[in-house]
Amino acid sequence: MIKYLGSKRLLIPEILRVIRGLPEVRTVIDLFSGTSRVGHALKAAGYRVLSNDHNAYAETLARCYVQADREDVLDDARRLVAELNALPGEPGYVTRTFCEEARFFQPKNGARIDAIRRAIAEKSLPPELEAVLLVALIEAADRVDSTTGVQMAYLKSWAARAHGDLELRVPEVLSRATWGKGQAHRLDALAAAAALEADLAYLDPPYNQHSYLGNYHVWETIVRGDAPEAYGVARKRVDVQERRSPFNARTKIRATMEALVDAVRAPLMVVSFSDEGYLSRPELEALLARRGPVRVLSFDYKRYVGAQIGIYSPRGEKVGRVSHLRNTEMLYVVGEGRHADAVAALPEP
């Protein structure tokens, strides 16, 4: 899967352990699905997953990893990936914007991305199969990019991997989950919370100033297949300036989180949050307690690689020092009514 700020890759075993320890959970809502690492792991464990994210690239990842089932798409995906890998490059918007005006990819790979994206669009494929191919494309691009894992900027000198040749691989699509077919949605989180119902809701909201659309605007553009006006050294989509999340605003996150927690239609909640977030642990515990008793489990991790190497200007010049190398990720587990005892009985990690 793609490199991603805030990925719960290391936390997934603990998330699964917690959810397995709660009774009567068959369907899980993933309200901020991101790369769908958590949704994919939940599906592999047999849960029916209802994924949601307001970004198009995240919805596409969820349609591939949560909604699409291996038995329905694998044969066609293998055939089409081989066909797309044989295409020669044909420069277009990606090459111009992300290889010439910026340096996210070498032009040879930008031209291949352009050609493959155009070919996928021309095939007018069923949505799930198209999502599998689009995910294969952005994952292939991720393997030859020249960043530290976010697209706020690119490296001053080419990363070693950027010299490689772009090659699609079939994503790890899973067979249908024991408890039923998953879904992928692209809704505002509050709208999704009001519309979707499950046994448990997993919430991993943005919790500080880092915008996922701003950090992964290249994937948004490739998935959408559009040619938006771009700005700045990183050539971000102009709608990055317009599509702002209240979770990225210190003055708005509390009220938005309160509204979201109230709207969730599930008797159990698991909430991922970091000690680097705008809400403190006491604030978040008090907010979640509106729905029932809260149990907090804490885990210490290294910070993401971009934070470890320092703070740089858009010109690639170091402008700040690293303040700390580790952070604490917390899982807040909430249970309403008869589920409260199960939450209290969860063992320590």
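Predicted model: local features only at pLDDT ≥ 70, side-chain atom pairs only at ≥ 80, totals over all residues.

Biologist: Why are α5 and α10 called roughly antiparallel?

Modeller: Helices here are DSSP runs of H or I with at least four residues, strands are runs of E with at least two, and both are numbered from the N terminus. Axes are lines fitted to C-alpha atoms, for helices over the stretch in contact, and angles run from 0 to 180 degrees between N-to-C directions. Helix α5 (residues 93-100) and helix α10 (residues 217-224) pack at about 170°, with their axes 12 Å apart. Angles under 35 degrees count as roughly parallel, over 145 as roughly antiparallel, 65 to 115 as roughly perpendicular and the rest as oblique; α5 and α10 are therefore roughly antiparallel.

Biologist: Which residues make that contact, and how do they divide by class?

Modeller: Contact means heavy atoms within 4.5 Å. On the α5 side the residues are Tyr93, Val94 and Phe98, and on the α10 side His217, Val218, Thr221 and Ile222. Ala, Val, Leu, Ile, Met, Phe, Trp, Tyr, Cys and Pro count as nonpolar, Asp, Glu, Lys and Arg as charged, and the others, Gly among them, as polar.

Biologist: What makes α6 roughly antiparallel to α7?

Modeller: Their packing angle is about 175°, with the axes 11 Å apart, and that makes α6 roughly antiparallel to α7. Ile113, Ile116, Arg117 and Ile120 in α6 meet Glu130, Leu133, Leu134, Leu137 and Ala141 in α7. By class, this contact has seven nonpolar, no polar and two charged residues.

Biologist: How do you know that arginine 176 and aspartate 69 form a salt bridge?

Modeller: A salt bridge is a side-chain nitrogen of Lys or Arg within 4 Å of a carboxyl oxygen of Asp or Glu. The closest N and O atoms of arginine 176 and aspartate 69 are 2.7 Å apart. Arginine 176 lies in the loop between α7 (127-142) and β3 (183-185) and aspartate 69 in the loop between α3 (56-67) and α4 (70-85), so the pair ties together parts 107 residues apart in sequence. Both residues belong to a network of salt bridges that links Lys43, Asp69, Asp72, Glu128, Arg176 and Lys181. The whole structure has 28 salt bridges.

Biologist: Is aspartate 69 buried or exposed?

Modeller: Buried means under 20% relative accessible area, exposed over 50% and partly exposed in between, with a 1.4 Å probe and protein chains only. Aspartate 69 has a relative accessible area of 0% and is therefore buried. Arginine 176, at 41%, is partly exposed.

Biologist: Why does the pair of glutamate 83 and lysine 123 count as a salt bridge?

Modeller: Their closest N and O atoms are 2.4 Å apart, within the limit of 4 Å. Glutamate 83 in helix α4 and lysine 123 in helix α6 (residues 107-123) are 40 residues apart. Glutamate 83 is partly exposed at 37%, and lysine 123 is partly exposed at 29%.

Biologist: What makes α10 largely enclosed by the rest of the structure?

Modeller: Seven of its eight residues are buried, so α10 is largely enclosed. The buried residues of α10 are His217, Val218, Trp219, Glu220, Thr221, Ile222 and Val223. They pack against α3, α5, α6, α7, α9 (212-215) and β6 (236-237).

Biologist: What is meant by a nonpolar core, and how many residues has the largest?

Modeller: A nonpolar core is a set of buried Ala, Val, Leu, Ile, Met, Phe, Trp, Tyr and Cys residues joined through side-chain atoms within 4.5 Å. The largest has 51 residues, and those with the most contacts inside it are Tyr57, Phe105, Leu168 and Trp219. Helix α7 gives the most to this core, with 11 residues. A second, separate core of 31 residues includes Ala189, Phe247, Ile253 and Val296.

Key
Residues numbered from 1 in each chain as written. Heavy atoms only, no water.
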